[in-house]
Structure formats: C-alpha cells, structure tokens
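Student: I am new to this structure and would like a close look at one part of it. Please pick a stretch, walk me through it slowly, and then show me what surrounds it.

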Amino acid sequence: MFSDQRLADLNQPLLAEHQLHFQHLADSPRLRYQDVQAVVQKLIEFQVAIPSWALGTGGTRFGRFALGGEPRTLEEKIGDVGILQSLNRSSNSISLHIPWDIPQDIAGLQQLLKQQGLVIDSVNSNTFQDQKDQPQSYKFGSLSHTEKAVREQAIQHNIDCVRYGEQLDAKTLTVWLADGSNFPGQQHLRRAFLRTQESLAAIYEAMPTDWTMLVEYKPYEPNFYSMVIPDWGTSLALCQAIGANAQVLVDLGHHLPNTNIEQIVGRLRQFGRLGGFHFNGSMYGDDDLTTGSTKPFQLFLIFNELVDSALDQTVPAAAVAYMIDASHNVKDPLEDLLQSVENILSAYAKALLVDRNALNEAQESNDVVRAEEILRDAFLSDVRPLVAEAYRQSGGALNPIAAYRAEGVREQLIHQRGKHSVSTGL
Ligand SMILES: [Mn+2]
C-alpha cells in the first residue's frame with residue numbers, strides 16, 4: 001500500500017522540522033555519553049510481533065462495536081501487518097493464533113509473507129474455549145484436567161500448533177492456560193499443578209529441539225478463585241522442570257495492581273528464563289489497553305531492566321520474543337498498534353539514554369536522590385526524534401499514524417472488505 005516513493009512524499013514536508021529536533025537532541029548533554037547513531041541503530045533493530053488476533057475491533061463481555069474493513073482471512077491479516085511494517089519497520093513478525101488462524105495454503109502464505117517482509121514468530125494455542133465438534137470440553141480445565149482424555153486432547157492441540165508453526169518456520173509455542181477453579185475446594189491445587197507439568201512436558205517432548213516453549217501466567221480470570229499458573233514463580237518452576245527451552249512469558253496485563261513488574265523482569269533475566277513479552281497497557285488488570293498509555297514510567301523501568309541486564313556479562317544471554325497482546329475496543333486497531341509500537345520504542349530509547357556508570361556509582365554509594373534523578377532525567381527526555389529517525393532510516397514514515405490517515409487506509413480497507421467484515425480474535 002505504501003511505496004517507497006509515497007513514503008518519501010509523505011515524509012518530505014516533515015523532514016526539515018524533524019532534522020532540527022533530531023540535531024537538537026543529538027547535541028544535548030543527555031547524549032554526551034552516547035553515540036546517537038548507535039542508539040538509533042538499536043531502535044531500528046528492535047522488532048515487536050503483531051498478534052493475528054488483534055487486528056479486528058475488540059469487544060468486552062457487553063458488546064463489540066466493529067469499525068469495518070476488518071481482515072477476514074489470514075491472508076488479509078498478513079496484509080494488515082504488512083501495512084504496519086511498511087510504516088514503522090518495527091513490526092516484522094506475526095504471532096499466530098490457532099485455531100482462529102489455521103494456515104491452509106502454506107505455499108501461498110509463505111510467498112505473501114516474503115512479499116511483505118514478514119515472518120511468523122510464534123504460534124499460540126487455545127484451550128480456553130471449546131471448538132465446534134470438539135469431543136472433550138475444557139469447561140473444567142485442559143492440560144490440568146482430572147480426566148486423561150481431556151488432557152490428551154489439549155496436548156494434541158498444542159502439538160498440532162507446533163506442526164502448523166513448523167510449516168511456516170515459526171520457532172516458538174506460546175501456552176496460556178485458562179485452567180483453574182472458581183470455588184474453594186473445587187480443585188486439588190497441587191495435583192492440578194502436577195498434571196499441568198506432565199502435560200507441558202509431553203508437549204515439550206514433541207517440539208523440535210530448536211523451538212522455545214513460552215509459559216504465560218495470569219493471577220485471575222477466567223477463574224476467580226485459583227489459576228493453575230497464577231504467577232511468575234509457578235511459570236518458572238514449570239519451565240525449570242520441563243527443560244532449557246521452556247521460558248517464562250511476561251504479559252504486562254497479567255499482574256495484580258501495583259505489582260513491581262520490573263523486578264520480576266530483572267529476576268527472570270538473572271535466572272536466564274525470560275523468554276518473551278506480551279505488551280499491553282493495564283489500568284486495573286488484563287484490560288489490554290494501548291501499551292504505555294497509562295503507566296509509561298513503569299514501561300520505562302521495565303526496559304531499564306532489559307537494557308541493564310543485556311549489558312551485564314553475568315546474566316545469561318537469551319533472546320527475548322517481544323509481542324503485543326492487546327485489544328482495541330474503541331480505536332482503529334491498526335492505529336492502536338502503531339501507537340503501541342511507538343510507545344515501546346520510546347520506552348526502550350529512554351532506557352538506552354540512562355547514564356549507567358553514574359547510576360551504578362549512585363547505587364553503590366547509596367545516593368538515593370542522585371540515582372532516582374538519573375532515571376528521571378532519561379525518562380523525561382523527549383525521545384520522539386530518535387524514534388522518528390529510526391523509522392526514517394529504515395525506510396518508514398516519520399509519522400506513521402499521520403501517514404496512515406493521510407492515505408485513508410481504513411477507508412480503503414472498508415471499501416475492499418466491506419463495512420461489516422469481522423475478524424476472528426479477542
Ligand atoms: Mn498474553
């Protein structure tokens with residue numbers, strides 16, 4: 001949809017002002033210790049996967065207000081992510097949800113992905129709903145279920161996901177379990193855990209050795225008394241029991257209010273078990289808002305842990321898969337995703353600006369105020385010119401949302417797909 005020439009035309013009127021702001025930041029004391037191009041390069045290299053289930057308008061228990069032009073097929077979803085990628089060059093991969101997006105025409109999909117410069121990074125299993133014609137029900141759990149036949153069906157579904165993923169060169173299986181109980185006494189808590197461990201181990205055994213299993217946790221919902229994997233400690237224990245390629249996935253919305261998520265991130269990095277991220281914004285719980293919309297300082301502190309641990313030789317080097325997991329109830333999903341990626345890149349850029357030597361000195365000498373001021377100094381920097389420069393240098397739009405609107409992308413999608421097209425997903 002956006003040719004290089006079209007992007008250059010859209011960027012042209014913004015260029016002079018951008019260069020002024022960028023130069024001002026590059027010359028500022030904040031970047032005194034840094035090679036500004038090295039920071040831009042890090043931003044260019046940072047990629048966030050887009051979920052196939054979040055390209056339509058999301059709903060709540062109460063209703064759904066569709067926007068129109070939603071992608072109806074996996075091919076159209078790839079098209080939507082291609083639009084994002086052409087604008088920000090930071091969303092080069094897709095997280096696939098099975099069974100909402102079962103790949104059919106593998107050769108055609110591979111060609112389409114190549115054309116759009118995209119890859120499938122992970123497949124996500126779904127044992128939180130009963131599918132039509134499914135022999136066993138997940139009403140009382142899946143991998144933790146008391147009945148072997150239900151567990152076996154859930155194990156097989158996860159293995160099927162891996163097989164679909166292999167056909168499209170994915171390397172990661174993400175498992176989020178809705179298993180748990182709603183009432184005290186309903187479930188034997190330890191036995192449910194052990195059955196889950198056994199089931200995950202069986203899936204792990206069936207995975208190719210170069211695959212990673214990401215184990216997500218969530219404190220409540222859909223079960224309100226207990227979740228089998230409620231917290232990072234449980235995820236970590238499962239991963240340690242299963243194998244080296246089992247890693248914890250941190251979903252920012254899967255914490256109770258006021259949880260110190262940056263500390264969890266630091267711990268998991270230290271133990272070499274942070275495998276992935278689901279980015280979203282959270283006000284009360286798993287409300288799946290735009291990443292960075294409500295707690296930008298927390299997002300910055302999380303990136304501060306990621307940047308700091310990446311520089312620490314004593315921390316095991318590990319690839320972290322970054323993905324968005326959000327819902328868009330009242331926004332155009334594509335605009336929301338552009339905002340999320342921009343907020344993620346901004347938090348990362350700010351974390352890269354932290355004067356680490358000065359911070360270490362302040363921490364070691366217990367200079368509390370100085371340490372906090374160093375973080376505040378980076379957090380309060382306006383890094384938008386750095387992010388825009390990363391977009392520009394990688395061939396994207398200086399202002400992706402403005403370009404999206406100027407081109408009338410949503411109107412075109414509605415024209416192509418209709419006002420009432422509905423996407424599978426949240
Ligand atoms: Mn998630």
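Tutor: Let us take the stretch that the UniProt record, an unreviewed entry, annotates as "domain: Xylose isomerase-like TIM barrel", which covers residues 103-288. Please keep in mind that this is a predicted model. In residues 103-288, 38% of the span is helix and 17% is strand. From one end of this span to the other, the C-alpha atoms are 26 Å apart.

Along the principal axes, its C-alpha atoms fill a box of roughly 65 × 60 × 40 Å. Buried residues make up 46% of the 426. If you consider the contacts with a separation of 6 or more, 80% of them are between residues 24 or more positions apart.

Now to the annotated stretch, residues 103-288. A cis peptide bond joins proline 222 to glutamate 221, with omega at about 5 degrees. Glutamate 221 is found in the loop between S6 and S7 too, and its phi is near 75 degrees, a positive value in a residue other than glycine. Is glutamate 221 buried, exposed or partly exposed? A residue needs 20 or more other C-beta atoms within 10 Å to count as buried, and 12 or fewer make it exposed. Glutamate 221 has 13 C-beta neighbours inside 10 Å, so it counts as partly exposed.

Next, look at aspartate 288, the residue at which the annotated range 103-288 ends. Aspartate 288 sits in the loop between strand S9 (274-279) and H9. Its phi is near 55 degrees, again a positive value in a residue other than glycine. Aspartate 288 is buried, because 22 other C-beta atoms lie within 10 Å.

Helix H9 (residues 296-311) packs against helix H10 (residues 333-352) at an angle of about 55 degrees, and their axes are 8 Å apart. That angle makes H9 oblique to H10. The crossing is right-handed. On the H9 side, the contact involves residues including Pro296, Leu299, Phe300 and Phe303, while H10 contributes Ala347, Tyr348 and Leu352, among others.

H3 and H10 pack at an angle of about 40 degrees, with 11 Å between their axes. These two helices are therefore oblique to each other, and their crossing is right-handed. Here the contact is made by Asp80, Ile83, Leu84, Leu87 and Asn88 of H3 together with Leu334, Leu337, Leu338 and Val341 of H10.

There are loops to visit on either side of H3. Threonine 57 is in the loop between strand S1 (50-51) and H3. It counts as buried, because it has 23 C-beta neighbours inside 10 Å. Leaving out residues up to four places away in sequence, threonine 57 touches Arg64, Phe65, Ala66, Leu67, Glu70, His328, Asn329 and Pro333. Histidine 415 is 358 residues from threonine 57 in sequence, yet their C-alpha atoms are 17 Å apart.

Arginine 89 lies in the loop between helix H3 (74-88) and strand S2 (93-97). With 21 C-beta neighbours inside 10 Å, arginine 89 counts as buried too. Beyond its neighbours within four places in sequence, arginine 89 is in contact with Tyr391, Ser394, Gly395 and Gly396. Glycine 165 is 76 residues from arginine 89 along the chain, and 23 Å separates their C-alpha atoms.

The last stop brings us back towards the start of the annotated stretch. Proline 99 lies in the loop between S2 and helix H4 (106-116). A cis peptide bond joins isoleucine 98 and proline 99, with omega at about 15 degrees.

Technical notes:
Residues are numbered from 1 along each chain as its sequence is written. This is a predicted model: local features need pLDDT of at least 70, side-chain atom pairs count only at pLDDT 80 or more; totals for chains, interfaces and linings use all residues. Two residues are in contact if their C-beta atoms, placed from the backbone, lie within 7 Å. UniProt positions are given in the numbering used here, feature names are shortened, and annotations may be inferred rather than shown by experiment. Helices (H or I, at least four residues) and strands (E, at least two) are DSSP runs, numbered from the N terminus. Axes are lines fitted to C-alpha atoms, for helices over the stretch in contact, and angles run from 0 to 180 degrees between N-to-C directions. Angles under 35 degrees count as roughly parallel, over 145 as roughly antiparallel, 65 to 115 as roughly perpendicular and the rest as oblique. A crossing is left-handed if the near helix is turned anticlockwise from the far one by less than a right angle, and right-handed if clockwise.
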